[in-house]
Each structure stands twice: as structure tokens, then as C-alpha cells.
Amino acid sequence: MITVESLTKRYGETTVVDDVSLTVERNSISVIVGTSGSGKSTLLRMINRLVEPTSGRVLIDGRDTRSEPAHLLRRRIGYVIQGHGLFPHRTVAENIATVPRLLGWDERRIEARVTELLEVFSLDPASYADALPHQLSGGQQQRVGVARALAAEPVVLLMDEPFGALDPIIRAKAQDDLLDIQRRFGTTVVLVTHDMDEAFRLGDRVAVMSGGRLLQYDRPAVLLTRPADPFVSRMTGLADRAMRLLSLVTAGEAALPGASDGPAVAPTASLREVLSELLWCGADSARVVDADGTVRGRLTVAAILAHGRP
Amino acid sequence: MSGARPGAARIDPLGVLLVAAGAAALLFLPFVVFKANRIVPGDPRTLAQVLPAWAALGCAAVLAAAALTALWVANARARLLLALAAVATLALAAAAAGDALTPPGDRIVRIAPGGAFWVLLVCLGLLATDATTRLRPGPGVRVLFLAASLAVAGLALAHGTFDHLSVMREYAVNAARFAREARQHLKLAFGSLAAAAVVGLPLGVLCHRAPKLRPGILATLNVIETIPAIALFGILMAPLAALAAAVPFAEQLGIRGIGAAPAVVALFLYSLLPIVANTVAGLKRVSRAAVEAAHGMGMTSWQVLTQVELILALPVILTGVRVVLVQNIGMVTVAALIGGGGLGAFVFQGIGQTAIDLVLLGAIPIVTLAFFAALVLDALVEVLEP
């Protein structure tokens, strides 16, 4: 759990982050969104003390981050930046081994961990461990960047626009991978982005920042239905807020008992996707069917539309 | 001659230039100069005058083959091979001329390679360099080639092939001193480089980390760079002499107004700019994301510097070292003027005595040394470049 208490950062007269407090629950993903200059990156960088706060403090699992030297703190926190920042002179395996080496793990443990992570990120160790970063594609470099950040089993992972440099298709895949990884390792993730779609897709909670202030920090649905500030509604988008709301609920969650002869949809599909499918087929209802063929219930257009209202 | 016919080679423009220069030199300049002693002006002799007919013909044949290749053969390997063969032929012809023109047991006459020899050597050298550039050999091959040619030249010298040529005559007289001055030359060049690296690297890192200091430091070093070497020696004489007088033991340590001390200090000062400027440029080139990630993962500032920044900046820093080394090897020559020693001693002594052979005894090793230092460091930079 990360507790941010009244964090403020000033450079001379300019206040970049203004009295921000928030709590990130263990095993959850919090996303900080804002326009450029909103102070979101500075807030993130104060958590691992790449930026020292002017006032306020950060606790990780109840422990003040200033209770140990900054470089030792950072070895316990994963950090991923835009453009990956891989070391061009070191192989993929050496890059991933960076923090374990700093921590003085023995070679056997490091090698086992590197192999495990390469497999988790679908990079065949035999062909990629000894490759240099420039020999990889953009998506692979980004995956190695995340693998490197996770190498020493950090409890907290900080990500600063990690998918910003990827093209849309690879970005969607990287976002799915992140969700899988987060579930698998139970990492607490704080991610900074300017992309609201990404925030809604990944965040258990979303913090909206503007001008250094935290405007609202809540579940995505609440940002849509009860925005605390006109700026929040502008960020979330007024025109398609109903569709965004539908995209936050899965078919499995919304399924009602009963049968349907409409098209089959997966329980993991969002209501937005189900509605789109129904419109396309001209059907009134869909069957929610598990991967193994079990029917979980049905979804009617009317039931879906009910979810799109605040 | 139809350029469209496949396989028909076009005339090589560089070849035309080199062949014209070489042919003109052979026609109008002496191949060797015969001097009754080391300082009188000599009599010019052509190739045909100094070699037996069969040897002169053979030599001419090799030179003609090299000329034809330079003009019409595009294959870089053939061009290189013939250029090297012609250089070897030329060297052997000069050595043979020395042997033929020196009366048995005579130690007074001097047989010096003449204008034609030097012009041909330059032309063939350019031909070989051009061919090498076209071949694009890897750094390992280049160093190996360098070592091989050095070995061949060393063997020929040790065997006494060139002993009757004037430069080697000067060497025979000065052998012990030559070794001493060569050592001194290397000591001055590498010593000032080492000192400049020890001071320049941290200074470069400081400039990178504290951008406010950068303009001041670089401007100061730039001003030093513009002072002519002789003037800088002069400027340093007074303070170093004063230092020697004021500080006990300073003189015993070799600190004096003249001699090696001002030379080393001056070379050190000249060396700082390339090292500092290249360190700054190299560090600036390092990916900001990599440095940010390194800090973010918990490397200490020292670890970021030594494990990431300096390693990634190394090729650019070494380029600075190469500039300094070549510059120093040349500039140490001038140190001889203020009693600093080095191979320049032969050069200035030779100028004083109008004994051009003595000048060459100093100048040829200096040029060779600078050339080899440049090639070896170039190869090193290429190996390190990721």
C-alpha cells in the first residue's frame, strides 16, 4: 500500500505538485492522468524520490520512504519509463539482471529469474537473452523494460507513460500483458498517462490532475457519473461518456438468468462490445458463453442500455 | 574505348593524377643523390645510372604495372597489392643504389634517396590508402596489417638492408642517443596524455554535471589552445623557474624553467581541450532515458557514471585521446628547442648543421609513430562503438 500525504513540490515560485494526498491499495492499479504540465510525472517521481518533495511524505506499507537512502529505496521499487531506457551496451539478460546484481543476488538465482521473466514476457530465452536492445522491435524493447523493472520482485511498480512510444496495436497488447502480469505477481502499480482510454482500461482507480492539484481520485465509473470538477468531465469526455461507462462493465458481471438465441459473447467482453455486436447482427439479445461452452446467462439490449445511465 | 562494354574499365581519375606525378618525378628528379660527405650538396643520379640494367628494367616493370593498375584496374585488392609491391621494389632499389654507390669500407659518402624516390613513395602511399579505404577492412584486419608491415620494415632494418643509405648512416653514428631520445619522445607524449586524461576526464564530467561551469572551462581551454607552442613554452619558463627556486626539492623533481617540465606542462595544457570537449560531447550523446532508468533502478551516482555514462561515451572520449596523442607526438618535437629532448633534438640539430639526413632521422620516426597511433586508436574506437 502506498500512502501519499500532502505532497508538494515547488521549483522557486512555481508549484508543480500542490498538496496531493492519495492512497494506492495493495495489488491494485492506480492511474494518474492529466495534461502535460499537470504535475503527474513529478508526483510519480516523488514516490521513488527521483524528485525530493518540498513538503509532505510518502509511506510504502506504512514505512516513510525517507527512512533509507534513496538508491536503496529505488531498488525495491520497479520503474518503467517511456522509451524503455534499456542500456544499449548490455544484453537483454544483463539489462534484466540490473537490480538483482545491485542487490547482490547470487548468479544462479539471477539466471533463473531472468529466464522466468523472459518466458513470462514471451521472449524465448535461447534467442533473446544474449541479444542487444537495438536488435529488438519496439514492442519487445518495451517488454524487456517492464521485465527489468520486475526483476527483483518489487512490491511497487511505477510506470511513467510506459506505452507512449508504441503504435496502437502493440500498445493494446502491452496493456493486456500488464493486466496479466499485475494479477500474476500481485504488484501494486502506479501508472502515469495522458491517455484517458488507457486510464479507464487499466486503472482500478484513476486520479485526475490539473495544474499540480489532484481534482478527483476514484473508480472510473464514479469519474463518469459523479465528476467532481468540470475539468474531470472534459478529460473523460462528455460526448461518449455513456459508451465509456458500458466499456467498464463486463458481460459476465451484467449477465441475467435466462436463455437467448442471439449471438454468443464471452463473459470477459465489455458491454460496449456486446452492444456493438448486437447492433451489427440486428439481434435483441446475446448469450453469454464461457470458453468451455457453459452458458452463463443472457444480455438484452434494454439491460445493456440500463448500464449506460448514471 | 567504349565505356558501355561490360568489363571495360574506365580510367581512374585518382590514378591519372598519381601516375602523372610519379612519371614526372621519375623523368625530372633524381632517384638518389650522391654526396661526398654529409653536408655538401650532392650529384643527382637516375634509376638507370645507379642500378645494373636488368635491375633497373625490373624496377621499371613493377612501377609500370602499378601505374597501369592505378589507371585501369578497379579491383581494390589488386591496386593495394601492386602499390605494396611497388613500395617494396622502390625501397629495395634505393638500398641497392646505396650499396652500389658506396665505395667498400667508406664511411664518409652519403647516398640519400632523391626527389623521385620521395614523390613515388607518396604516390604509392596514396594509392595504397585509397585501395584500403575501398576495401573497408575491419579494425582487427587493419591492426594486423599494420603489425605485419611494421615487422617487415623492422626485419629489413635489423638485417641492414638500408645501412648504406644516408639516414641509416646518421643512425649508425647516433644509435645510443637515438634510443634515448625515442624513449624520451614517447615519455613526453604519453606522459602528458596520461596527465591530461587524469585531469580532463573529471573536468569533462564536471562540465556535464554542472552546465553553469561548462562555458567558462571550455572557453579557458580554447584560449590556451590558440597560444603557439613556442610562446607557451616561453610563458611557462618564468613561473616554473620561480617555482623551482621557491619550493625545496622542486628542482630535484625535475621542475625547471627549461627542459622537460615546461614541455610536459604545455603539452598537458594543449591536451586538455580535446579530452574535456570530447568527454562532454560523449556524455551528452548518452541516451537520457538510459540514465534516467539507471537512477530509477537504484544505481548510485557513481554507478550511473561508471557503468552507464562513461562506457557509452567511451568511443567519443577515445576519439579525443586519438587527437591528443597524434597532436602530442608531433608537438613533442618542438620540446627539443627548450632542452626537453625527444626526437626533435635530431631535427633541430640537423637544421643547425644543414644535415638533412639528420633531420630525417628525427622526422621519419615521428611521422611513423603519429600515423600508427592514429590507426590503432581508430581501430579501438571502431571496436568499442556498439
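Angles between helix axes are taken between N-to-C directions and run from 0 to 180 degrees, the axes being lines fitted to C-alpha atoms over the stretch in contact; angles under 35 degrees count as roughly parallel, over 145 as roughly antiparallel, 65 to 115 as roughly perpendicular and the rest as oblique. The model shown is predicted, with local features needing pLDDT of at least 70 and side-chain atom pairs counting only at pLDDT 80 or more, while totals for chains, interfaces and linings use all residues. Residues are numbered from 1 along each chain as its sequence is written, and chains are lettered from A and ligands numbered from 1 in the order in which they are written.

**View 1. Chain B as a whole.** Chain B holds 14 helices and three strands, where helices (H or I, at least four residues) and strands (E, at least two) are DSSP runs numbered from the N terminus. Its C-alpha trace spans about 75 × 65 × 35 Å along the principal axes. Of the 386 residues in chain B, 38% are buried, a term for residues with 20 or more other C-beta atoms within 10 Å of their own, as against exposed with 12 or fewer and partly exposed in between, with C-beta atoms placed from the backbone.

**View 2. Helices H1 and H3 of chain B.** The axes of helix H1 (residues 13–28) and helix H3 (residues 53–72) of chain B come within 8 Å and cross at roughly 155 degrees, and H1(B) and H3(B) are therefore roughly antiparallel to each other. On the H1(B) side, B:Gly15, B:Val16, B:Leu18, B:Val19 and B:Gly22 meet B:Ala67, B:Ala70 and B:Leu71 of H3(B), contact meaning that C-beta atoms, placed from the backbone, lie within 7 Å.

**View 3. The surroundings of B:Thr46.** B:Thr46 lies in the loop between strand S2 (43–45) and helix H2 (47–50) of chain B. With 17 other C-beta atoms within 10 Å, B:Thr46 is partly exposed. Apart from neighbours within four places in sequence, B:Thr46 is in contact with B:Pro30 and B:Phe31. The C-alpha atoms of B:Thr46 and B:Val367, which are 321 residues apart along the chain, are separated by 27 Å.

**View 4. The contact between chains A and B.** Chain A contributes 18 residues to this contact and chain B contributes 15 residues. On the side of chain A that touches chain B, the elements giving two or more residues are helix H2 (70–75), strand S6 (77–81) and helix H4 (98–103) of chain A, and H2(A) gives the most, with four residues.

Definitions and conventions:
Contact = placed C-beta atoms within 7 Å.
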